[in-house]
Every structure is written in C-alpha cells, then in structure tokens.
Amino acid sequence: MSNQAQEARAALGARLRGFRKDAGFSSGRAFAAATGWQESKVSRIENGKQAASEADIRIWCERTNTQDQVPDLVATVRHIDELWLEWRRQFQEGAEKRQTKALPIYSKTKVFRIWHPTLIWGTLQTAEYAAETFNQVVDFFEIPNDAEVATAKRLERQRYLTQGDRIFNVLLAEQALYSNFGGPEVMRGQLDRLLAVIGLPRLSLGFIPRSAPLAIWPGNSFSMFDDKLVLVETYSAEFSVTQPREIQLYGKAFSYLKRSAVYGKAARDLILSANRHFEQM
C-alpha cells in the first residue's frame, strides 16, 4: 500500500477512535462488545492496520450516535480504495473498463512522464503487441476475455501524440526492446513503430542502455500526469499517488533515471539492434 493510502487509513482510524471515546466507550473491548466484533478488529481499524468497510462505518456511527458523519466517512473509505486498487477488482468485468477510465486522464494532461523498465509504453504499442499484453492479463487474472475490445480502447490514446500541445517524456529501459511479446514478427512490427514515432516533435523517447551506470535503482514502472497524479503498477494492484510530497519524489526519480538515458541517434541505434536480434530468431 502507498504511504499516502496508509496515512489516510491511519487518519480515518484516529477519527473513529475519537467517536468511540466521545460516545463513552473507554476501551476497544467495550466497543467490541457493543458491536459484536472481535476486540482485535476494533484495534486494527483504529490503528490503520485494517480497512474499514462501508458496512463497518455504518455500524460504528450507529453505536457512537454519529450517523450524520456516515456520508463523509464513506467517501473517505472510497477515496482510500481508489488509492490502492487491486487489479483483480479492476478487471472483474474485463480489461476494457480500465482502458476507458484512463482516457479522460490522458485528455486533461499536458505533460507526461513515463518510466517502464520492461515494456513498451501502452500509447506507443502496436495493435498486435497490445493484444498480446492483454491476452496475458486475461490469462493471469483469469478474467473475461475482452482483449480485442481493450486493445482498441488502448489505441485510442495514440491520437493524443499528435493532438493539442501535450508533451510526452517517455523513458524505457533497453530491456523493453527485447521483452518478447507475441514472437519475432510482432516485435519487429513494434520496433518499426518506435522508429516511426521517435521523431514526433512533442515526444521525447529515451532508453537506458542495459549496462549504463544508474543513478537510482529501476523500481516499478510509473506514469506521471502533470504534477497531479502518479500511477504505479505492481503485479497485484495499481496505486494512485496524489500527495504533492510523494509526487515530487517520483519526479526526482524520473530525473535520476534520465541521467542514464540516451536519445536521438543513440536511441535509434538501440532500436535497430533489437530489430536485427528479432530478424535472426
């Protein structure tokens, strides 16, 4: 869980503890008896160790006579959920919904900063490459197979590369050129796509060579949308960072990663080398 989500959960717990004490329940044990819960549950919620469900909030407010706080507290719980979204929950109806949800964010953003150590960034993907990634998502999370629809929705983002005055700062590790999605033919098509877009006037596409000295460890992939939002992906979940202090850290990490990157002709040469690699397979 992100620091921001953890801090928000701890703050909610402290607020609920205050309601309990104001209602005359001097101990967690007394409140547990009134709710029929385990005392440990009360303790975990108050200390931010367990997420309170919306049902928990309603019971808590009923027992502490603070029903007027329910809407605000439920909104807080939902906000915390948004900060840490398990992929399985996001994908329960398939992958297309998540792609649709991203479009308004892309539409509003003026400056993008993208880091991915192993994959080609979604907006630069070919249809064949994107389809292969979604096939893997469907298989891994065992979700409804809507890979074709999800691929079409992802490709809608590509219009932003040439529309408006958006700035795209995209940084990939050299490994992203070699991570084999779909076999040599799909990869050669993907690499040709990179050669076609690398000269776009508002796209800065750089690569960190595999043996380049690093100023910071690669970490997880992340996408920065202006200085308002950072999305970080893990195998189990995607978490949103909106706290300025944390966003500043991701901005600093991006600047450190850039120190190791190559651009222009050197970047094209890396793409061409990867292309020759797949031609020989």
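Modeller: The structure holds one cavity of 30 Å³ or more (on a 1 Å grid over the protein atoms alone, a set of points where a 1.4 Å probe fits but cannot get out; lining residues have an atom within 4 Å of a point). The largest cavity has a volume of about 50 Å³ (the space filled by probe spheres set on the points, which are joined across faces, edges and corners). This is a predicted model, in which local features need pLDDT of at least 70 and side-chain atom pairs pLDDT 80 or more, while totals for chains, interfaces and linings use all residues. Residues are numbered from 1 along each chain as its sequence is written, and side-chain values use heavy atoms, leaving out hydrogens and water.

Lining the largest cavity are Arg-9, Leu-12, Ala-51, Ala-52, Val-77, Ile-80 and Asp-81. Helix 5 gives the most, three residues. By class, the cavity lining has five nonpolar, no polar and two charged residues (nonpolar: Ala, Val, Leu, Ile, Met, Phe, Trp, Tyr, Cys and Pro; charged: Asp, Glu, Lys and Arg; polar: the others, Gly among them).

Next, the open space. The largest pocket has a volume of about 990 Å³ (a pocket is an open set with protein on both sides within 12 Å along at least five of seven lines). It is lined by 37 residues, of which Trp-87, His-116, Leu-119, Ser-221 and Glu-233 are the closest to its centre. That lining divides into 19 nonpolar, 13 polar and five charged residues. Helix 8 (127-141) is one of the elements that supply at least two lining residues each, together with helix 7 (96-108), strand 2 (111-116), strand 5 (222-225) and strand 6 (229-233). The largest share, six residues, comes from helix 8.

Ser-221 lies in the loop between strand 4 (203-208) and strand 5. Ser-221 counts as buried because its relative accessibility is 9% (buried is under 20% relative accessible area with a 1.4 Å probe, protein chains only). Leaving aside residues up to four places away in sequence, Ser-221 touches Trp-115, His-116, Pro-117, Leu-231, Val-232 and Glu-233 (heavy atoms within 4.5 Å).

Key
Helices (H or I, at least four residues) and strands (E, at least two) are DSSP runs, numbered from the N terminus. Buried means under 20% relative accessible area, exposed over 50%, partly exposed in between (1.4 Å probe, protein chains only).
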